Amino acid sequence: METGMNTVISIRDLTVSFKDKKALSDVNFDVMPNELTVLVGRSGSGKSTLLRAVNRLNECFEGCETSGGISVRLGGETLDVYASETDPERLRSRVGMVFQAPNVLPISIERNLLLPQKLVRGIGGARAREVMERVLEDVGLLDEVKDRLKQPAGTLSGGQQQRLCLARTMALEPEILLLDEPTASVDYKSVEHIEQLLLRLAPTLPMLVVSHSLDQTRTLADRVILMREGRVAGTWSRTDHDAETAFDELLSTTF
Amino acid sequence: MKTGYRLFSLFCWACALLPVAGVFGLVVFLLKQGWGGLGLELFFGDTPPLDAIFRFAPVWDGIWPACFGTLAVTGLAALTAIPLGLFCGIYLNEFPRGRLSGILDFCVNLLAGMPSIIMGLFGFALILFLRHTLVPDAGTGLLLSGFCMGLLVLPYMIKSTQASLGGLPEDLRLMGTGLGFSKSQTIRHILLPSAGRGIMSGVVLSIGRAAEDTAVIMLTGAVANAGLPRGLFDNYEALPFFIYTVAAEYQSPEELQHGFGAALVLLTMTMGLFLAAHGLHHAMEKRWKRG
Amino acid sequence: MYRTADRRAGSLWLLACRSSAAVTGAAVLAILLFLLWFSLPLLDADTLSKLLSWDWRPFHGGFGILPMVAGSLLLSLSALLLAFPVSVGICCFAHGMGPSGPAACLLRLVKFMTSVPTVVYGFVGVFVLVPLLREAFRSGSGFCWLAAAVGLAVLILPTIVLMLHSQFMLIEPQVKLTATALGMSPAQRLLHLVMPNSGRGFAAALVLGFGRALGDTMIPLMLAGNAPQVPGSLLESLRAMTAHIALVVATDSQSLAYLSLFACGLILFLSTTLVNLGLQLLKRPEEDKG
């Protein structure tokens, strides 16, 4: 496994357990820049736990024990995620996460986008609004919500909410994006929007996506990592030889 | 802005320390002052304990009469409130009747929020009324206190019965219907046994509340010196009232010590009952939470 | 055979349930009726004006209960003023500002505080707080507004904390993980997301705490001094309506004195009803939203 200066996320011997029940065991892999990496696997194989290990969100759950190491490359520097000097809040502001189910904040649409900017990055006023409009445009929501920005975010449909969550994460200008089945509970039109956006961002924004859909994996992935029972069970890269057949083989064992 | 958050954090920590300091301070203070007086003399003075308990020998210098009075009032209150509260709670939870239930619910809430002195005033008014009409020599006493105290704790009983029955999984009711049970059979044979622990917790809570209240008994029969009550219509002594009178007008260091001792006894009693209620409630939740 | 016997038992049960409900409703009605019956003499304008005065000197013909009404209000509001900020601090500590282990213990401790009888609080207050105030301020006997306010604040603290806690629990689950993933600190989450959205819960906690403070008898009785006056300062004595009832019943007096009891009782009953109505109103719109 190359640990070149290139890797954006580097995971070494990662083991995570919750109250003595192991969720991940000795996971090792790298996420490269300019690549969209997709994590696949059956339910319970540890995909979400792995994602949450990168921004230390597992610590919010009771009885979590993590061993091993993760390092991420942010702003040209390598950062040890689990070092004691690392500030988890700062880390999470630079590593964005989108959850499976839409989780808009119980405030208005525009505040969903403006409040995190103000509190986490200290950006307010006109600049924050510019960013807000830009990210809404990116996720294809601007036309749909521009007349009702002050309404509660809860009045949007599921798909719109999920796009809003993606926009919200993007507004903080993260350097790495973690997405946990971002289109799982979303309507067809929103799926398209989101997938197109991810493909557009992939060259400049390293991403780790968990997916449950064969089609989506086929559309998005430059690299696929298969998880089984908390371990890495296989990898596939688009640049490998025999790409098509190897890919189909890998996916048939998963789905 | 950072300093703002830091100040807020300090504030929260300071506030969190207050109850800790307060509770420990209170308990330590009571123990320190009352420890020396703890013992059989606190309860029985010079009278031999067995005589006092079984042969109702008068106790002059101890808090046994007050303890007995409290036990008696609490017992009467329990007799009133438990069956009444149980059935009312069942009614409210299992037989909702739209508007009527809403009104009854409001009444229960009203009763729950009622200051205890009003309960006492009610009892007092009852006696005044009886004096002017049917029973010219009606007086305050144990029975009246028990009844008013029962009314005071009735809402606790009703609400905990409601909550326990309401917290049971729906499947249990379906199971009853599936077995061909009538509604009341389902309640009797399935729901009540399952909710038993929660209801017990309500019983214990009510008893605790009845034991500690002072305002009700002050107006309905508790006095400073009465010895043991001979009958249901006698005045009597009670622990909380004793504690009050000591604080208001103690006359000797011994009396003061007795006051501290009584406070410790009452506190231990209510704390013990609280822990018991909590334990029962917890056991009930554990049983049904998985459902 | 068993069926019919059981059926009969069943209908007895139904009867028991129905009658208990009836008795409960009747009890509340009875309390109100008795209070009204004994307050009927108030309908006389002359008596009413006698009672609604600021002068309580029963042996000189003064039966004004207004000092007691003012006393109750001042006391309850000041207790609320003391207890509310501390309760918010405690609740925030339990919801992220403090480590999760101690936070759980703190909540358990606060719950445990509800088991302490108010007469014990009063008792400790008499022998700790009152001498403290007497020494610290060197004026008066120490039995004053401040002593009773502190005592009441301690009494209503658990009520407010537990109400706020249940309110926070409604919002926390949705918001906690999201806010953390965005990089917000617990303080930011609590100050900008949880608390601004807990308006209704705050209002309910205030109302509940106020009601509890207004209705307590022992702490005002034991700590406030019981002078039938409107206090000029925190260190002066006052008398609450609840304490007034307890005191006057103990002394055998003329009928106007007794009437003042029922007037106070009526006021207390009315305020309890208002508190309850307020709480109901605060609850209802939330169900619509859901």
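In the predicted model, residues 24 or more positions apart account for 76% of those contacts in chain B that have a separation of 6 or more. For chain C, the corresponding share is 72%. Buried residues make up 48% of the 291 residues of chain B and 52% of the 290 residues of chain C.

Chain B contains 12 helices and 0 strands, and its elements accordingly follow the pattern α-α-α-α-α-α-α-α-α-α-α-α along the sequence. Along the principal axes, the C-alpha atoms of this chain fill a box of roughly 70 × 65 × 40 Å.

Chain C has 11 helices and 2 strands. From the N terminus on, the order of elements is α-α-β-β-α-α-α-α-α-α-α-α-α. The box filled by the C-alpha atoms of chain C, taken along the principal axes, is roughly 75 × 70 × 35 Å. The domain assignment divides chain C into domain 1 (2-42) and domain 2 (49-289), with C-alpha centres that lie 33 Å apart. Contact between these domains takes 6 residues from domain 1 and 7 residues from domain 2. On the side of domain 1 that touches domain 2 there are 5 nonpolar, 1 polar and no charged residues.

Two pairs of chains touch, and the most contacts are between chains B and C. This contact takes 61 residues from chain C and 63 residues from chain B. On the side of chain C that touches chain B, helix H1 of chain C (residues 2-39) gives the most, with 17 residues. By class, that side has 42 nonpolar, 17 polar and 2 charged residues. Chain A and chain B, in contrast, are joined by no contact, and their closest C-alpha atoms lie 10 Å apart.

The largest nonpolar core has 259 residues, of which B:Ile243, C:Ala147 and C:Ala224 touch the most other members. Helix H6 of chain C (residues 145-181) provides the largest share of this core, 20 residues. At least three residues of the core are drawn from each of domain 1 (2-42) and domain 2 (49-289) of chain C. When neighbours within four places in sequence are left aside, C:Ala224 is in contact with C:Leu75, C:Phe143, C:Cys144, C:Trp145, C:Ala147, C:Ala148, C:Ser237, C:Leu238, C:Arg239, C:Ala240 and C:Ala243.

Regarding confidence, the predictor assigns the complex an ipTM of 0.89 and a pTM of 0.89. The mean pLDDT of chain C is 88, with 95% of its residues reaching 70 or more. Over residues 286-290 of chain C the pLDDT is below 50, and this stretch has 1 contact in the model beyond near neighbours in sequence. Where pLDDT is low, the predicted coordinates should not be read in detail.

Methods:
Residues numbered from 1 in each chain as written. Chains lettered and ligands numbered in written order. Predicted model: local features only at pLDDT ≥ 70, side-chain atom pairs only at ≥ 80, totals over all residues. Helix = DSSP H or I, 4+ residues; strand = E, 2+ residues; numbered from the N terminus. Nonpolar A, V, L, I, M, F, W, Y, C, P; charged D, E, K, R; others polar. pLDDT = per-residue confidence, 0-100. Core = buried A, V, L, I, M, F, W, Y, C linked by C-beta atoms within 7 Å. Buried ≥ 20, exposed ≤ 12 C-beta atoms within 10 Å, placed from the backbone. Domains from an automatic or database assignment.
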